[in-house]
Amino acid sequence: MKKRLLLLILLFNVIKSAFAQDTVKQERYNFHFQETIITQYDLPFSALYSGRNSLSPKTQTATSLTTTFFSAARLWKGAEAHFDPELSGGAGLSSTQGVAGFPNGETFRVGGVQNKIYIARLYFKQNFEWGKEKDTIQGDADVLGGLKSKRYFSVLAGKFGMADFFDNNNFSHDPRGQFMNWALMDNGAWDYPANTRGYTIGLYTELGQPTWTLRFALTMVVTQANASLWDAKIAKANTQTVEYEKRYAINGQKGTLRFLGFLNNGKFGNYDLAIAQDTKAPNVDSTQAYGRHKYGFGINTDQYLTKDFGVFAKASWNDGHTETWFFTEIDRTFTFGGELKGTSWSRPDDEVAVAFIADGLSAPHRQYLADGGYGFIIGDGKLNYAPEMIAEVYYKLNAYKKNFFISPDYQFIVNPAYNKDRGPVNVFGLRAHVEF
């Protein structure tokens, strides 16, 4: 595998050199590539019982793969086009079920074991700028390098990932290079709009100022929970997401604070109605009807304490009356952690990080699972409720010229799927990631 990744890096650098541009000027186009392979292994653990969606108590190994080609081009003044084909395959432990804060953040993009190619992103963006203050933007995946005004308004339409723009964090956002757990890549109680591979279709706008940014998105909804087909009844099935980001500095060290709110509308099932059906095992899907909503809030902050060490914290909540539709079965969550660069041991491009997660459920969601109900991620047939608690630590090793990274990872999961009758679970992982 290492030889393959090194050959890919060499080939791409040759192509990149052939199309090299004057970096002082605006990039007219760019191309980037990433491939991420994650293998995870868990030890046997105690389980008094198991259900349809339980994490298997037996030892198992699972591997996921994603490969993405990023392309971007300027069309006219302020206009850009982006096209990202992607290949994914593999699976998570127990077919990505049994833990709300699932340990592999790449598997939410994976719809099946066999490798499949699809369009991850295809969108058009128009940017309007004013003012004399400029930022120098470094070219990156889906980012064209050059000068950009600190005062701007942009509008974007097409297919994209909500995590491309919302709920960012310098230390806890990208499972391809940071923490792998679902509850660390995004605020867990934000049931953010996406199909089974993690992407959505809609409209996104952004107003930028020197010290703050305001974002808003209006997007489509899938026809069933964790599905791929889009609901054409947009007036009844849609989502609105808004985020305010404030940037500042404390003693010269950068920090960011973000406030997020969301409202999801669609043909959702209701936990209370499912429980009231008085069946042996309530089925929330049988209560689906248009006119249902899910709303919630999130806060997200990161702060550098030195140039090599930073900390973060996140907290989010949703009303928890309707079924989880897009992301994962978390209704309340709090996470915090920190990251340290390897400068002090002469490895400035390495990093070590640790984080802690506490996830919870709303009362109706909790009762639904206790009565034997199932969601699309969790459900053990019954429930002895307790908050799901997770700790994760990883070491990111720069294996080759900031293009190839290897990251051993460990996660300790207490009360998987909020069940005191199961676990704890020890998950060991190894990630190989190449980018250029």
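1. Let me begin with Ser 94, which sits in the loop between strand E3 (79-90) and strand E4 (116-137); helices (H or I, at least four residues) and strands (E, at least two) are DSSP runs numbered from the N terminus. This is a predicted model, in which local features need pLDDT of at least 70, side-chain atom pairs count only at pLDDT 80 or more, and totals for chains, interfaces and linings use all residues. Residues are numbered from 1 along each chain as its sequence is written, and side-chain values use heavy atoms, with hydrogens and water left out.

2. Is Ser 94 buried or exposed? With a relative accessible area of 15%, Ser 94 is buried (buried means under 20% relative accessible area, exposed over 50%, partly exposed in between, with a 1.4 Å probe and protein chains only). Its phi is near 50°, a positive value in a residue other than glycine. For context, most residues other than glycine have a negative phi, and most peptide bonds are trans.

3. Leaving aside neighbours within four places in sequence, Ser 94 is in contact (heavy atoms within 4.5 Å) with Ser 54, Leu 55, Ser 56 and Gln 60.

4. Lys 401 also has a positive phi, near 45°, and is a residue other than glycine. Lys 401 belongs to the loop between strand E14 (388-400) and E15, and at a relative accessible area of 62% this lysine is exposed.

5. The peptide bond between Gly 423 and Pro 424 is worth a check: it is cis, with omega about 5°. Pro 424 is in the loop between strand E15 (404-414) and strand E16 (425-435).

6. Met 389 lies in strand E14 and counts as partly exposed, at 37% relative accessibility. Not counting residues up to four places away in sequence, Met 389 touches Ile 357, Ala 358, Phe 412, Ile 413 and Val 414. Thr 335 is 54 residues from Met 389 along the chain, and their C-alpha atoms are separated by 9.9 Å.

7. Now the whole chain. The protein has 4 helices and 16 strands. Its radius of gyration is 22 Å, close to the 22 Å from the globule rule for 436 residues, so the protein is as compact as a globular protein of that length (the radius is taken over C-alpha atoms, and the rule is 2.2 Å times the number of residues to the power 0.38). The C-alpha trace spans about 70 × 50 × 45 Å along its principal axes. Of the 436 residues, 52% count as buried.
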